[in-house]
Amino acid sequence: MLRFSARVVVVTGAGNGLGKEYALGFAERGASVVVNDLGGSASGDGNHSSRPADEVVKLIQSRGGKAVADYHSVEDGKAIIETAIKNFGRLDILVNNAGILRDKSFMNMTEQDWDLVQRIHLRAAYLITHAAWSYMRQQKYGRIIFTTSTSGLYGNFGQANYSAAKMGLVGLSNTLALEGAKYNITCHAIAPTAYSRLTQDLLPPDAEENLKPAFVMPLVLYLCHESCTDTGSLFQVAGGWIGKVRLEKSSGAMVRRPNKPMTVEDVRDNWKDIISFATPLHHSTQAEQVTHLWDAIRKMNNNNNDDDDKVLTQTFSYTANQIILYALSVGCSLRQPNSLRFLYENHEEFSALPTFAVIPAQALSMNLISSGKLGFDIDLLRVLHGEQYVELFEPLPTSGTVTLKGKVVDVLDKGSGAVLIYDVEIFNENEKLIALNQFVIFSVGSGGFGGKKTSENQRKYLPAPQRKSDQICRETTNIDQAALYRLNGDRNPLHIDPSFASAAGFSRPILHGLCSFGYAARHVLHTYANDNPVLFKAIKVRFTKPVEPGQTIETHMWREGNRIFFESKVPESNQTVLTGGYVDLHDVVLNINTPGTAEVRNK
Ligand SMILES: CCCCCCC[C@@H](O)CC(=O)SCCNC(=O)CCNC(=O)[C@H](O)C(C)(C)COP(=O)(O)OP(=O)(O)OC[C@H]1O[C@@H](n2cnc3c(N)ncnc32)[C@H](O)[C@@H]1OP(=O)(O)O
């Protein structure tokens, strides 16, 4: 049982409804409670009375609990906090609950209606929280709840003043969560719906039974318990249902073009992308949204290099056939029910596997070698695929013509070899950037030329967490896997010709790195996204050892939020072949209920 012994709680507006329920709940679990209530009317007009607060205090005391009444207006926030300090010597929890309504259509709303609601909800929450803050900071502990409303989140006719004040509280809670973090002060906003004197005229007849304040109280108590260290969240809660609410942003569009004036027509022409939620973004911190913005600006500015003779541009056309061939070549099979969408062009959700993005990009790689833009000659006998990064900005089209722009990012001297890093961007028919690839190619024995050793432009691979993997997916490749995969366009003889493979130092032809990459990506997508390609955002991996066709790829996965770390092993050789891998998802949809269960789909 979660207890609040030795904790001191202030609940504002605790004479009735939700506030009363919170006060009773805290007291029952051992807290000392300041029951604040001015005893005013729902509109804030008329006389005040000490009765509501006194009755709640009496009820608590009759049940053996500890409580004192406080009759100050929430506008006297400091005085309410002093009641807690004077009576109980400290303050741990503040529940901002008091409120009034002055509902009127916006047309008829007076300045007084507006100001009073702002004062009681927003300004008073500032005043009382500010008074509590210094105590909480000093003792390095605090739990704060702000009461927002679905009227603010979704709007509500006749509540312009209330909606505005309630959304103000969400912003206040978000920022205080950040400022309080290092002092162990957590802040949350809740949007409750409950039957009370404030809402009785607005709710349907069966609301009293189904929307009891008692169905909101347990969430507030849990958020205020010392064991709950989450902070900065917004919850909707009513009738026993609780859900977290977050902001969602469309993936949007960079409508500005390098060195061109930005016009109204640019906005009109990109409107579909600006408002499309096909691949929504969820930024949980300011830093995430700033990074996203600057990435978009940087990408746009980089496109300025169109005339740069280092950029290789070409188009690539494909049909559903290539989408299906690719899916088959990285292990998709009708044995897996969810794979039909990748294998059948008439399936209603026919889609490209997200890692299909490497196929157009690979076509450009081959031309890069012959274009002279590398600045040096490549010997296919020496090159091995070293690392790969793919990021999608929207799902790949299932047919059409895309434009590719490839550019060498850096050449590194690694001693035992040279490392070539190049980016390939993919644009759709509307010239929108839809995918980014970064290839890292290792040229064995070409190092020692005195070049730089690292590049800040190289996408970093990331080590897996130091714990046993959360999930494992295992699949055996076919002896003809490379023979099939090469039909996608990478006709490097290393993958089919025994004498070429032998000259390159291998006992037999090896699998394309991008083929094992496709398998591992499928494993993650299957396990954490229910094979839904729309949830895919980005992937990075390093190829550490070759895989031979016919061997098994066993992918170990660790989930950290929406990032899935992974490594792949080949049990037959007992070697780790892919390391430092991660897949970023827009959202996680777990496919396997029991953590750690191996999903075996041997052919
Ligand atoms: C434009 C051209 C287009 C051509 C496209 C053709 C693409 C395809 O057809 C080719 C393929 O698909 S090949 C198949 C897939 N790849 C493989 O099998 C490679 C497996 N990896 C290896 O064998 C070794 O890691 C190996 C050999 C890569 C490196 O091993 P070592 O030499 O033992 O290196 P090590 O001593 O471990 O490290 C030395 C420095 O190199 C860095 N490094 C290591 N592995 C790397 C890798 N995979 N990618 C990038 N860098 C890598 C290390 O970090 C180290 O650098 P530092 O000293 O700075 O830490």
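Predicted model: local features only at pLDDT ≥ 70, side-chain atom pairs only at ≥ 80, totals over all residues.
Biologist: How many helices and strands does the protein chain have?

Modeller: Helices here are DSSP runs of H or I with at least four residues, strands are runs of E with at least two, and both are numbered from the N terminus. By that count the protein chain has 17 helices and 19 strands.

Biologist: And what share of the chain counts as buried?

Modeller: A residue is buried if 20 or more other C-beta atoms lie within 10 Å of its own, exposed if 12 or fewer, and partly exposed in between, with C-beta atoms placed from the backbone. Of the 603 residues of the protein chain, 40% are buried.

Biologist: Is Gly-243 buried or exposed?

Modeller: Gly-243 counts as exposed because it has 10 C-beta neighbours inside 10 Å. You'll find Gly-243 in strand β8 (residues 241–245). For contacts, the rule is C-beta atoms, placed from the backbone, within 7 Å. Not counting residues up to four places away in sequence, Gly-243 touches Phe-235 and Gln-236.

Biologist: Which residues of α4 are buried?

Modeller: Among them are Val-117, Ile-120, His-121, Ala-124 and Met-136. The buried residues of α4 pack against α3 (77–88), β4 (93–96), β5 (142–147), α6 (160–180) and β6 (185–193).

Biologist: How does the end-to-end distance of α4 fit its length?

Modeller: The expected span of a helix is 1.5 Å times one less than its number of residues. For α4 (residues 111–139), 29 residues should span 42 Å, and the end C-alpha atoms are 41 Å apart, which agrees. Do look at Arg-119, though: a kink of about 40° is centred there. That bend is the angle between axes fitted to the seven residues ending at a residue and the seven starting there. After α4 comes Lys-140, with a positive phi near 55°.

Biologist: What does α1 look like by the same reading?

Modeller: Helix α1 (residues 17–28) has 12 residues that should span 16 Å, and its end C-alpha atoms are 17 Å apart, which agrees. It's mostly covered, with 11 of its 12 residues buried. Gly-30 follows α1 and has a positive phi, near 100°.

Biologist: Which members of the largest nonpolar core touch the most others?

Modeller: In soluble globular proteins, nonpolar side chains tend to be buried together. A nonpolar core here is a set of buried Ala, Val, Leu, Ile, Met, Phe, Trp, Tyr and Cys residues joined through C-beta atoms within 7 Å. The largest one has 73 residues, and Ala-357, Ala-520, Val-524 and Ile-564 touch the most other members. Helix α17 (residues 513–529) gives the largest share of this core, 10 residues. Apart from it lies another core, of 69 residues, including Leu-101 and Cys-187.

Biologist: Which residues are closest to the ligand?

Modeller: Count a residue as near if its C-beta atom, placed from the backbone, lies within 6 Å. Then 28 residues surround the ligand, and the closest are Gly-386, Ser-416, Asn-492, Gly-513 and Pro-546. The largest share of that shell, 5 residues, comes from β10.

Conventions
Residues numbered from 1 in each chain as written. Contact = placed C-beta atoms within 7 Å.
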